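I opened the notebook to look up cavities, helix packing and backbone angles. The entries follow in the order I took them.

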Amino acid sequence: MALVAGVDSSTQSCKVMIRDAETGELVRSGRAAHPAGTEVDPQAWWEALQDAVAQAGGLADVAAASVAGQQHGMVCLDEEGGVVRPALLWNDTRSAGAATELIEELGSAGRSAGDGGSVGDRVGDLVAGRQAWAEAVGSVPVASFTVTKLRWLARNEPHSAERTAAVCLPHDWLTWRLGGAGDLDLLRTDRGDASGTGYWSPRTGEYRFDLLEQAFGRRPLVPAVLDPAGRAGELANGAPLGPGTGDNAAAALGVGALPGDVIVSIGTSGTVFSVAETPSQDSSGAVAGFADATGRFLPLVATLNAARVLDAAAQLLGVDLDELARLALSAPAGADGLVLVPYLEGERTPNRPLATGAVHGLTLRTSTPAHLARAAVEGLLCGLADGLDAMVAQGATVNRVILVGGGARSEAVRRIAPEVFGCPVLVPAPGEYVADGAARQAAWVALGGDAPPAWAANSTQEYDARPAPHIRDQYVAARDLFTNRPA
């Protein structure tokens, strides 16, 4: 029996899954925590990986391994391969101003130097810039993207920028370390993670070095982009390392998503993404035009507010998450008009970073724990449904929703989701689907072939479509009433 290892190096922890390459059967596993924060020394990821590997019984007997990781994080290396500064993670927002700068700069490129300066010109530059970025790399820069972090570094830490000889992503760096590090020329990445940098185009399959230089002022070394089953190096036992990928692309591979499937992941943040045959380019910035881990594409919408909405509601009511679900399911659909707009940390989709949460429709009738619990679950799902709407507006086909992530463990979320989304909802058994996607990629590398192996699907629950449009209607009215106000 050939074994393969899949690694998920996420924001919060590192998971290692050792599986049978042909069947996908789980053989052993390990897990270790990561430090909190929006910037982290990559050495902490390496140490957590070593701990998780040790818990999983080591890698000496595996035939291949692949690493999936949190997207966008900026890992800067000097000429000797040393880490220049702690990595800025996807959730570090200090580069928000840099994102706006980069959009304006590309938008103003078509004007002569004497044409600019007015408010109207600036608005025009932003509109033109968003369109130009979408056409160039499939996405409009936001603070999470690596390209904006590089601009921030060049502006705010010029000494660190000067020392930077190469820039890579978290999964790239861990793959390089697993392969023995060595020359910077040995850095490798894949299409899925490269597409989240802001300087690689899923449509052309090439880096946009002009955009990299625009952001950073010069061109640092970047990893070579491998094919989906390419080899990024070797483990100490000589087994190949797969190219790895970003966490969302790995999750799609882990659940076996096909075109027409939309994955809704309810974790610390919320993501809505689908496997597509053609690249997307949304100039509004709502949909990021990423690539997947199989050679296809992965249009994606991210929301800031997801599972922690449930945590906040449970804390407010003084109950645990199971009791919150029971309460929510005891209230009627629509909670008799009580609406919770869940922008507890601002919001990215729609782009309202200064918005706050709101409760609307509070009456004597709706002033019960059950109504508030129901409103919290519906608000969370309606926020994700806004992301689903953005996907559909870009031409996505939605045959069914696959619901994953910690928030999907809530019985109320599972049962109410078909009412909000209006389509069938499939809920796989709880699992580590990012690590499983990395393991499946490793099996593809080990076994060869034109596609990853067809592992048997985990047990699933399927919930038929039960559209309740009044839930979305009252949510949209409350959302637009409250969240257009500045915080």
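I call a residue buried under 20% relative accessible area, exposed over 50% and partly exposed in between, with a 1.4 Å probe and protein chains only. Helices (H or I, at least four residues) and strands (E, at least two) are DSSP runs, numbered from the N terminus.

This is a predicted model, where local features need pLDDT of at least 70, side-chain atom pairs count only at pLDDT 80 or more, and totals for chains, interfaces and linings use all residues. Residues are numbered from 1 along each chain as its sequence is written, and side-chain values use heavy atoms, with hydrogens and water left out.

**Entry: α4.** I looked up burial in helix α4 (residues 146-156). Of its 11 residues, 8 are buried, so α4 is largely enclosed by the rest of the structure. The buried ones are Thr146, Val147, Thr148, Lys149, Leu150, Arg151, Trp152 and Leu153.

**Entry: α11 and α12.** How do the axes of α11 (residues 321-330) and α12 cross? They come within 7 Å and cross at roughly 100°. That makes α11 roughly perpendicular to α12 (65 to 115 degrees; under 35 is roughly parallel, over 145 roughly antiparallel, the rest oblique). Axes are lines fitted to C-alpha atoms, for helices over the stretch in contact, with angles from 0 to 180 degrees between N-to-C directions. I took contact as heavy atoms within 4.5 Å. From α11, Leu324, Leu327, Ala328, Leu329 and Ser330 meet Pro369, Ala370, Ala373, Arg374 and Val377 of α12.

**Entry: cavities.** A cavity is a set of points on a 1 Å grid over the protein atoms alone where a 1.4 Å probe fits but cannot get out; lining residues have an atom within 4 Å of a point. Points are joined across faces, edges and corners, and a volume is the space filled by probe spheres set on them. I found 4 cavities of 30 Å³ or more.

Thr303, Asn305 and Glu347 are among the residues lining the second largest cavity.

**Entry: positive phi.** Most residues other than glycine have a negative phi. His72 has a positive phi of about 75°. His72 sits in the loop between β5 (62-69) and β6 (75-77). It counts as buried, at 8% relative accessibility. Ala181 also has a positive phi, near 60°. Ala181 lies in the loop between α6 (170-178) and β9 (188-190).

Conventions
On a 1 Å grid over the protein atoms alone, a cavity is a set of points where a 1.4 Å probe fits but cannot get out, and a pocket is an open set with protein on both sides within 12 Å along at least five of seven lines; lining residues have an atom within 4 Å of a point.
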